[in-house]
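The following paragraphs lead the reader through a protein model, from individual side-chain pairs to the interface between its chains. Please keep the sequence and the structure in view while reading.

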Number of protein chains: 2
Amino acid sequence: MQRYFVEPEAIQQETVTITGDDVKHITRVLRMEAEDEVIVCDGVGHAYRVELTELGSEQVAGRIIEKLDTTSEARVKITLAQGLPKGDKMDLIVQKGTEVGVSRFLPVEMSRCIVQYDQKKEQKRRERWQKIAKEAAEQAHRTMIPSVGIGMTFKQLLNNLDGFDLVIVPYEGEKARGLRDVLQEHGQPEHICVVIGPEGGIADGEIEAALAAGAIPVTLGSRIMRTETAGLVAAACICYQFGEMGG
Amino acid sequence: MQRYFVEPEAIQQETVTITGDDVKHITRVLRMEAEDEVIVCDGVGHAYRVELTELGSEQVAGRIIEKLDTTSEARVKITLAQGLPKGDKMDLIVQKGTEVGVSRFLPVEMSRCIVQYDQKKEQKRRERWQKIAKEAAEQAHRTMIPSVGIGMTFKQLLNNLDGFDLVIVPYEGEKARGLRDVLQEHGQPEHICVVIGPEGGIADGEIEAALAAGAIPVTLGSRIMRTETAGLVAAACICYQFGEMGG
């Protein structure tokens with residue numbers, strides 16, 4: 001069944017109001033009619049089966065038939081702190097990371113980033129990534145939309161690691177300690193931060209600062225992954241370790 | 001150090017001959033000179049440190065300094081049988097699959113494929129995918145280039161499963177048996193085949209035929225991944241399970 005995310009405020013008791021681009025999708029692309037059903041998620045973990053009641057050009061109204069069990073979110077929360085990559089690679093990272101189960105993306109300006117974070121384009125880019133996350137979440141049947149944070153410096157990232165139980169940094173220079181070693185040593189963390197360097201990797205000084213801030217460098221094995229692949233793969237392995245990738 | 005793949009015949013005793021596009025890369029892009037060193041891999045698992053001796057416009061010759069320990073290949077071999085996806089998604093699948101550690105790609109025509117496998121374009125497409133695999137293997141520091149098989153039908157695939165210890169099919173309809181359950185039940189398989197449906201998924205009849213041929217349907221969890229994501233994620237989890245993703 002087709003899924004749509006709405007703001008929590010769009011759900012009032014039994015009534016759901018869908019606005020924005022989804023109206024066109026419901027009425028023109030799928031040509032739905034009254035009494036057709038969709039799944040509506042509030043983006044913070046709740047999902048409902050909804051029967052459409054009124055289909056207008058500006059909004060679509062519906063009536064909640066039942067609240068659904070929401071089982072598609074991983075118990076372990078993963079924040080992907082991504083050194084800002086070139087071109088449109090961040091689009092791919094947000095899309096694929098959302099499919100795998102990342103709950104938050106943080107674009108981070110690091111010393112070897114080839115592009116610098118552009119404050120002027122900030123809002124437009126975040127809106128774009130947030131839209132990609134929403135669409136990927138709908139497609140992946142997630143019940144939460146991952147959030148995309150405001151661009152930050154590496155130093156700002158390190159100053160904001162308090163909320164994580166575990167911070168791991170895949171790093172080419174780490175040869176001994178593997179991702180699996182670290183995950184198996186740390187029980188059932190609730191919130192893991194994965195820090196991924198940009199194309200040029202993480203600078204030595206950054207690794208030292210990350211270590212001092214409590215982050216743990218790990219190897220992802222002997223094959224060197226591109227920046228847009230490493231976070232996705234680390235997130236998939238974390239979900240696998242904690243039984244969130246099927247059994 | 002820069003890596004290049006050559007055909008095994010290009011290595012004769014102490015001498016290595018590099019031809020093709022890599023000559024331009026060595027001489028014009030990197031502007032290397034005699035006595036500079038590169039790593040040369042024969043694509044079937046051997047790697048050498050090589051000192052360049054003669055740099056011509058058509059070929060570059062070098063002398064083997066030492067044979068390197070080749071540790072970047074996973075012990076478990078993974079063949080990714082991929083339902084042919086739309087557009088250029090197969091490019092992404094080959095590139096990212098190579099980074100993660102897939103050893104063979106098989107493009108498979110399945111009943112819900114939107115594109116049909118075009119015999120006329122066969123050679124050109126395979127050359128393109130093979131080139132992507134070579135470049136990704138160099139970048140990922142692999143010592144083997146994954147091979148890209150000739151396009152086949154689903155029936156042909158099922159007739160050719162004898163060489164695998166384990167054939168798994170991530171499938172939306174499978175709710176109970178997870179990838180991890182199956183991997184943990186099967187000891188140390190040497191060669192695993194992962195079968196991924198195209199955008200529309202695997203048809204019911206195909207699942208039945210796959211089951212009859214000994215394949216095992218699995219769930220990858222409650223988040224629904226796109227066709228180009230599922231194989232990469234399954235391969236990453238297989239590598240993780242068998243200690244090939246760092247420890």
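In chain A, the side chains of A:Glu135 and A:Lys131 meet in a salt bridge, with N and O 3.4 Å apart; the term denotes a side-chain nitrogen of Lys or Arg within 4 Å of a carboxyl oxygen of Asp or Glu. Because A:Glu135 and A:Lys131 are four residues apart in helix α3 of chain A, about one helical turn separates them. Helices (H or I, at least four residues) and strands (E, at least two) are DSSP runs, numbered from the N terminus. A:Glu135 is partly exposed at 41% relative accessibility, and A:Lys131 is likewise partly exposed at 44%. In these terms, buried means under 20% relative accessible area, exposed over 50%, and partly exposed in between, with a 1.4 Å probe and protein chains only.

The model is a predicted one, in which local features need pLDDT of at least 70 and side-chain atom pairs count only at pLDDT 80 or more, while totals for chains, interfaces and linings use all residues. Residues are numbered from 1 along each chain as its sequence is written, chains are lettered from A and ligands numbered from 1 in the order in which they are written, and side-chain values use heavy atoms, with hydrogens and water left out.

Side chains of opposite charge can pair when their charged atoms come close. Over all chains, the count comes to 30 salt bridges. One of them joins A:Arg49 to A:Glu66, with the closest N and O atoms 2.8 Å apart. This pair links distant parts of the chain, since A:Arg49 belongs to strand β5 (residues 47-55) and A:Glu66 to strand β6 (residues 60-68) of chain A, 17 residues apart. A:Arg49 is partly exposed, with a relative accessible area of 22%, and A:Glu66 is partly exposed at 35%. In chain B, a salt bridge is formed by the side chains of B:Glu174 and B:Arg177, at 3.9 Å from N to O. Here B:Glu174 counts as buried, at 17% relative accessibility, whereas B:Arg177 counts as partly exposed, at 34%.

The discussion now turns to the interface. In chain B, 43 residues are in contact with 44 residues of chain A, where contact means heavy atoms within 4.5 Å. The area buried between the two chains is about 3600 Å², and carbon and sulfur atoms give 52% of that area; buried area is the accessible area (1.4 Å probe) that two parts lose on being put together, summed over both. Across this interface there are four salt bridges. A:Glu228 forms a salt bridge with B:Lys96, with the closest N and O atoms at 2.8 Å. Both residues also belong to a network of salt bridges that links A:Lys89, A:Glu199, A:Arg226, A:Glu228, B:Lys96 and B:Glu99.

The interface of chain B and chain A further holds 22 residue pairs in polar contact, both residues being at pLDDT 80 or more. A polar contact is a pair of N or O atoms within 3.5 Å; within protein, one must be able to donate a hydrogen and the other to accept it, and residues adjacent in sequence count only if both atoms are side-chain atoms. On the side of chain B that touches chain A, the elements giving two or more residues are α2 (89-100), α3 (122-139), α5 (179-185) and α7 (227-241) of chain B. The largest share, nine residues, comes from α7(B).

A search of the whole structure finds one aromatic pair over all chains; rings of Phe, Tyr and Trp (its six-membered ring) pair if their centres lie within 6.5 Å, and planes under 30 degrees apart count as stacked, over 60 as edge-to-face and the rest as tilted. The rings of A:Tyr240 and B:Tyr240 have centres 6.0 Å apart and planes at 75 degrees, so this pair is edge-to-face. Because A:Tyr240 lies in helix α7 of chain A and B:Tyr240 in helix α7 of chain B, the pair joins two chains. Both tyrosines, A:Tyr240 and B:Tyr240, are buried.

A:Arg142 counts as buried because its relative accessibility is 1%. A polar atom of its side chain lies 2.8 Å from the backbone oxygen of A:Val102. Not counting residues up to four places away in sequence, A:Arg142 touches residues including A:Arg3, A:Phe5, A:Glu73, A:Val102 and, from the other chain, B:Arg223.
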